[in-house]
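Look at the sequence and the structure below.

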Amino acid sequence: MELTPLDIRNQTFHKKSFGGIDPEEVKAFLETAANAFEQMSRERTDLTERLKVAEERVNYYRQIEKTIQDAVVTMQKTVDEVKATAEREAELIIAEAKARAVREVETTKREAEDLRAEIEQLKQLRTNYFIRCRALIKGQEELLTAMENDQKALEALEREPKRAAPAMGNVLA
């Protein structure tokens, strides 16, 4: 049972038969007790209200703390995802660069092989050109030699017309 200040004020005592207690003293004491009890009750109510406000504030701050913690967790997840994405993109870029480098090296090798083959072909053409030039020069030399011989034969005929006549017929024929 909860005792209130009103209960204390309304409390009655039975008189004792022989010399009992002074009802005015009891009433004054009860009034003092009721006032003290009332004061404590008000303070208790005030403290209860203050406690309720403090608990609401604590709950508010706990809610803020939870929100901040959730935000931190979300930010960490986002940072981890961004980092993982960046790492994957970096790996992809590196792989593409390596593949491109390999393709370029292969292309350069093929071009170098093609150039070597072309150089060999040009060397062969040069050798063939020299051979043909020598053959042409040799043929021209033989032709010049033959023309010189014919010229000498003609000159000899002009100096000795009678003896050279049968030889000239051979040359002209």
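Q: Which side chain meets that of Glu-120 in a salt bridge?

A: This is a predicted model, in which local features need pLDDT of at least 70, side-chain atom pairs count only at pLDDT 80 or more, and totals for chains, interfaces and linings use all residues. Residues are numbered from 1 along each chain as its sequence is written, and side-chain values use heavy atoms, with hydrogens and water left out. A salt bridge is a side-chain nitrogen of Lys or Arg within 4 Å of a carboxyl oxygen of Asp or Glu. At 3.8 Å, N to O, the partner of Glu-120 is Lys-123.

Q: Is Lys-123 buried, partly exposed or exposed?

A: Buried means under 20% relative accessible area, exposed over 50%, and partly exposed in between (1.4 Å probe, protein chains only). Because its relative accessible area is 39%, Lys-123 is partly exposed.

Q: How many residues apart are Asp-70 and Lys-66 in helix α2?

A: The side chains of Asp-70 and Lys-66 meet in a salt bridge at 3.0 Å, N to O. Helices are DSSP runs (H or I, at least four residues), numbered from the N terminus. Asp-70 and Lys-66 are about one turn of helix α2 apart, which is a spacing of four residues.

Q: What is the N to O distance in the salt bridge of Arg-42 and Glu-38?

A: Arg-42 and Glu-38 are separated by about one helical turn because they are four residues apart in helix α2. Their side chains meet in a salt bridge, and the N to O distance is 3.6 Å.

Note on methods: Helix = DSSP H or I, 4+ residues; strand = E, 2+ residues; numbered from the N terminus.
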